[in-house]
Amino acid sequence: MSATADASTLSASDSHAHDGKFHVFVQLAMILAIITGMELLVIYIPMPEWLVISILMGLSVVKFLAVIFIFMHLKWDKAFCTILFFIGLALGGGTLWALLLLHGAKDSQPVGPAYEMVE
């Protein structure tokens, strides 16, 4: 009998917890849609290329942080989970940059007399 009462208490508290987050998720989805619209506008506004890329990178970082903190529940988790996430992100990013440097386009070109350009 008490297990049933506990289950109904847990489900009621879970539903209240998700009700509050539902509005946060909808608000974040609207904000992400607005940011995406801003990205589309930035692409079509005549500006220097470096400025367009900088703005797009900045907006992407804002969207990424919003998604990981709200949709991935890092905002409501313990700080230790956030630290673990960023350690994994740093390791993955470092591995990506190392592989890009190792296998750059200049180093992957074929070498040898058959591939040399005849002028």
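UniProt positions are given here in the numbering used for this chain, and such annotations may be inferred rather than shown by experiment. Keep that in mind for what comes next. The unreviewed UniProt entry carries the annotation "transmembrane region" for residues 24-45, 51-72 and 79-100. And the model on the screen is a predicted one.

Let's start with the overall fold. The chain has three helices and zero strands. Read from the N terminus, the order of elements is α-α-α. Helix α1 covers residues 2-44. Helix α2 runs over 49-71, and helix α3 over 79-102.

How do the annotated stretches look in the model? Take residues 24-45. That stretch is 95% helix and 0% strand, with its end C-alpha atoms 31 Å apart. Now residues 79-100. Here the chain is 100% helix and 0% strand, and the end C-alpha atoms are 31 Å apart.

A few totals for the chain. There are 119 residues, and 12% of them count as buried. The accessible surface comes to about 9700 Å². Carbon and sulfur atoms hold 74% of that surface. Next, contacts. Residues 24 or more positions apart make up 47% of them.

Now the charges. Side chains of opposite charge can pair when their charged atoms come close. How many salt bridges does the chain have? The count is one. The partners are E39 and K63, and their closest N and O atoms are 3.3 Å apart. E39 sits in helix α1 and K63 in helix α2, so this pair ties together parts that are 24 residues apart in sequence.

Stay with E39 for a moment. Is E39 buried or exposed? It is buried, because its relative accessible area is 12% and the cut-off for buried is under 20%. Which residues does E39 touch, leaving aside neighbours within four places in sequence? The contacts are L56, L59, S60 and K63.

K21 lies in helix α1. K21 is buried too, yet it has no salt bridge. Where is the nearest side chain of opposite charge? That is D77, at 7.2 Å. A salt bridge needs the nitrogen within 4 Å of the carboxyl oxygen. Setting aside neighbours within four places in sequence, K21 is in contact with H73 and W76.

H73 is in the loop between α2 and α3. Most residues other than glycine have a negative phi. H73 is not a glycine, but its phi is positive, at about 65°.

Which residues make the nonpolar surface patch? They are V61, F64, L65, F86 and L89, and the patch is about 380 Å². Two elements give two or more residues to it, α2 and α3. Helix α2 has the largest share, with three residues.

Pick one member, L89. L89 is in helix α3. Its relative accessible area is 38%, so L89 is partly exposed.

To recap. Three helices, zero strands. One buried lysine, K21, without a salt bridge. A positive phi at H73. And a nonpolar patch made by V61, F64, L65, F86 and L89. Thanks, everyone.

Terms used. Residues are numbered from 1 along each chain as its sequence is written. This is a predicted model: local features need pLDDT of at least 70, side-chain atom pairs count only at pLDDT 80 or more; totals for chains, interfaces and linings use all residues. Side-chain values use heavy atoms; hydrogens and water are left out. Patches are made of residues with over 30% relative accessible area and no salt bridge: like charges are joined within 9 Å, nonpolar side chains (Val, Leu, Ile, Met, Phe, Trp, Tyr) within 5 Å. Accessible areas come from the Shrake-Rupley method with a 1.4 Å probe; for residues, only the protein chains shown count as cover. Helices (H or I, at least four residues) and strands (E, at least two) are DSSP runs, numbered from the N terminus. Buried means under 20% relative accessible area, exposed over 50%, partly exposed in between (1.4 Å probe, protein chains only). Lys and Arg count as positive and Asp and Glu as negative; His and the chain ends are not counted. Contact means heavy atoms within 4.5 Å.
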